[in-house]
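Please walk me through this protein chain, starting with its aromatic residues and ending with one of its helices.

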Amino acid sequence: APTIFSPMASSFSNYFKILSSILFFIIFFTSHSFSSSNYSLSNIVINSTSEFINHTAISEFRILNRRILSKCPDPNPYLSITTASNSSLSDESFVTVHVSGVLVPSKGDWVGMISPSYSDTSSCPFNALQYQQTGDFSELPLLCHYPVKAQYLSKDPGYLNCKKKECKKHVKGSCEVRTCSASLSFHVVNFRTDIEFVLFAGGFATPCILKRSNNNLTFTNPKQPLYGHLSSIDSTATSMRVTWVSGDKAPQQLQYGHGKSQTSQVSTFTQKDMCSSILKSPAKDFGWHDPGFIHTAVMTGLNPSTTNSYTYGSDSSGWSEKITFKTPPAGGTDEVRFLAYGDMGKAPRDPSAEHYIQPGSLSVVKAMVDEVSSGNVDSVFHIGDISYATGFLVEWDYFLHLITPIASRVSYMTAIGNHERDYIGTGSVYATPDSGGECGVPYETYFQMPTQAKDKPWYSIEQGSVHFTVISTEHDWSQNSEQYEWMKNDMASVDRTRTPWLIFTGHRPMYSSVTGGILQNVDDDFVKAVEPLLLANKVDLALFGHVHNYERTCAVYQKECKALPTKDASGIDTYDNTNYSAPVHAVIGMAGFSLDQFPSQADEWSLVRKAEFGYVRVHATRNSLTIEYVNANTRKLEDNFQITKS
């Protein structure tokens with residue numbers, strides 16, 4: 001796609017380059033303040049977390065491979081790191097790593113999980129400039145390849161005070177040398193490449209290698225077909241796409257119904273497909289991990305709103321379990337029930353540090369699995385910021401594993417966000433490195449939506465009584481652009497006798513009480529260009545993510561309330577769209593990423609503001625839209641409202 005640079009984007013890119021250079025030279029001359037007894041980041045690194053600089057999430061672990069790697073001056077002959085597992089791993093397991101023979105426990109001792117095991121864990125002293133875009137400007141990188149995850153040995157509560165002692169040397173019947181030990185548990189899913197555990201000292205700030213594990217762990221079947229997820233291909237609900245991952249490039253079979261079968265189409269992507277600039281991106285360099293092969297096949301001849309089953313794989317690679325799924329209702333029928341949210345990502349199921357953790361994701365997924373299991377969910381809409389892998393490709397496997405209990409059973413529809421697409425000079429509206437060099441390639445490979453073409457990730461679909469218009473806020477939406485014309489034509493063509501409700505979705509919001517940092521959460525140019533289309537086409541509800549909380553508006557246009565809800569007999573806020581006034585907007589980016597707190601004051605258009613992890617549950621009939629904001633931890637409703645038509 002052609003590069004799109006608005007004056008705002010261009011000046012912002014220049015700002016970043018200037019700030020990067022200034023911070024780099026400041027830190028270059030101050031980075032020598034690190035010592036082996038100091039396990040904290042320098043203040044200048046911590047304080048460089050303005051909204052833009054922090055897009056790739058600064059943390060001690062996040063900038064691990066920007067540290068000098070030296071050999072630990074440790075002659076300890078007793079040190080050992082082993083795993084309780086044998087050399088073969090199942091598709092999901094918890095691996096116990098045991099460290100023993102430690103003479104003096106330190107809070108800076110930690111274990112990194114490295115994959116593949118042959119990855120370069122040596123120093124990369126000439127690559128310092130390549131990593132500025134990740135938000136860190138310290139002197140030199142550490143590991144040429146990034147650990148999948150890491151844990152401090154102090155996660156074992158008995159380590160620092162040496163509760164687990166072992167005598168290593170006896171003299172005349174008494175113990176002369178006692179050592180300490182610790183055990184850690186690592187959650188591992190089948191990402192196909194083998195694993196090595198490495199023991200480091202010096203913390204994340206000044207690490208050095210103490211010991212490597214004496215055996216590499218491999219997966220029993222690296223070709224195993226895994227992480228199957230569903231998506232709708234059109235509004236008939238008579239066909240459903242299944243996408244899965246395998247280490248085998250040979251086509252596999254999707255078997256469903258009573259003896260039906262489809263052969264998979266196979267694709268993948270390589271490091272060459274990732275985006276970069278003068279400064280190499282994580283996806284292009286230290287964050288790369290082989291994605292295996294992505295298989296997709298379409299089940300045809302299905303009936304809407306019907307339960308069926310499928311399995312996928314091959315005799316040579318293995319088969320998935322038999323999965324029961326539900327087709328959504330066809331467009332133009334009377335009702336649909338769906339869940340919606342944005343900004344979910346994933347979090348470790350162990351105490352590990354990872355480069356980007358979305359702490360609410362586990363509770364949100366658990367709650368939604370229960371919803372799907374109840375049979376009262378027809379589909380799911382995930383509105384941008386999907387996995388937050390941002391160039392650390394192994395994290396896509398962890399995310400796909402996380403959503404499988406949901407996405408394998410109902411249609412999982414997505415919209416693209418800044419952390420999937422944005423990268424400097426690649427055609428994204430915003431000149432930020434938010435995707436870590438992915439530039440939408442992994443996203444569009446894993447989540448094949450019914451779009452017109454690659455890198456044009458906008459589409460519409462109808463389910464039940466709703467027409468969904470799904471856009472990309474990261475691609476050109478300016479007047480007369482291709483996407484703008486598509487939006488205008490799509491919404492103008494909706495038959496409201498067939499689908500009385502029009503829901504508009506995209507990642508970045510038009511309204512938010514949380515302003516953001518250098519790059520504002522609400523782009524006034526986006527609002528000016530697109531909001532008139534929503535009013536002209538009588539959009540009922542607009543759903544957005546990007547801001548990590550929940551906020552509901554009045555029926556609003558150009559920051560003015562055109563109508564307020566009234567309470568029905570049950571006390572529920574009700575918007576009467578019989579005489580349409582304006583869209584109701586809801587920000588629903590509270591599904592995983594650390595929550596954004598609200599300011600003490602808000603504009604009149606903002607009616608409800610909550611910052612709790614959760615999702616929205618929507619029930620659409622021909623006469624009403626009922627929207628409920630579910631708190632994932634308590635399962636209670638934080639907000640509910642309805643839009644009606646007579």
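**Aromatic pairs, a tryptophan and a helix**

Tryptophan 110 has a relative accessible area of 0%, so this residue is buried. The model is a predicted one. Phenylalanine 200 also counts as buried, because its relative accessibility is 0%. In the aromatic pairing scheme, where ring centres must lie within 6.5 Å, the count comes to 26 pairs. Tryptophan 110 and phenylalanine 200 form a stacked pair, because their ring centres are 4.1 Å apart and their planes meet at 5 degrees, with planes under 30 degrees apart counting as stacked. This pair links distant parts of the chain: tryptophan 110 belongs to strand β5 (residues 110–114) and phenylalanine 200 to strand β9 (residues 196–201), and the two are 90 residues apart.

Another pair has another geometry. The ring centres of phenylalanine 338 and phenylalanine 468 are 5.1 Å apart and the planes stand at 80 degrees, so this pair is edge-to-face; the cut-off for that class is over 60 degrees. Here too distant parts of the chain are linked, since phenylalanine 338 is in strand β21 (residues 336–341) and phenylalanine 468 is in strand β25 (residues 466–470), 130 residues apart. Phenylalanine 338 is buried, with 1% relative accessibility, and phenylalanine 468 is buried with a relative accessible area of 1%.

Aromatic residues also form a cluster, whose members are Phe269, Trp288, Trp396, Phe399, Tyr412, Tyr443, Tyr446 and Phe447. Elsewhere, charged side chains sit over rings. Arginine 508 lies over the face of tyrosine 430, 3.8 Å from the ring centre. Lysine 645 places its charged end over the ring of tryptophan 501, at 4.5 Å from the centre.

Tryptophan 244 is found in strand β13 (residues 240–246). With 0% relative accessibility, tryptophan 244 counts as buried. Its side chain makes a polar contact of 2.8 Å with the side chain of glutamine 252. Serine 408 is 164 residues from tryptophan 244 along the chain, yet their C-alpha atoms are separated by 9.6 Å.

The next stop is helix α8. This helix has 13 residues (524–536), which at 1.5 Å a residue should span 18 Å; the C-alpha atoms at its ends are 19 Å apart, so the two values agree. At the start of α8, a side-chain oxygen of aspartate 523 comes to within 2.9 Å of the backbone nitrogen of aspartate 525. Further along, α8 has a kink of about 35 degrees at valine 530, shortly before proline 532. After the helix comes lysine 538, whose phi is positive, near 55 degrees.

Which residues of α8 are buried? They are Phe526, Val527, Ala529, Val530, Glu531, Leu533 and Leu534.

The protein chain has eight helices and 36 strands. Of its 646 residues, 61% are buried. Among contacts with a separation of 6 or more, 74% come from residues 24 or more positions apart.

Note on methods
Residues are numbered from 1 along each chain as its sequence is written. This is a predicted model: local features need pLDDT of at least 70, side-chain atom pairs count only at pLDDT 80 or more; totals for chains, interfaces and linings use all residues. Side-chain values use heavy atoms; hydrogens and water are left out. Helices (H or I, at least four residues) and strands (E, at least two) are DSSP runs, numbered from the N terminus. The expected span of a helix is 1.5 Å times one less than its number of residues. The bend at a residue is the angle between axes fitted to the seven residues ending there and the seven starting there. Buried means under 20% relative accessible area, exposed over 50%, partly exposed in between (1.4 Å probe, protein chains only). A polar contact is a pair of N or O atoms within 3.5 Å; within protein, one must be able to donate a hydrogen and the other to accept it, and residues adjacent in sequence count only if both atoms are side-chain atoms. Rings of Phe, Tyr and Trp (its six-membered ring) pair if their centres lie within 6.5 Å; planes under 30 degrees apart count as stacked, over 60 as edge-to-face and the rest as tilted. A charge sits over a ring if NZ of Lys or CZ of Arg is within 6 Å of the ring centre and within 35 degrees of the ring normal. Contact means heavy atoms within 4.5 Å.
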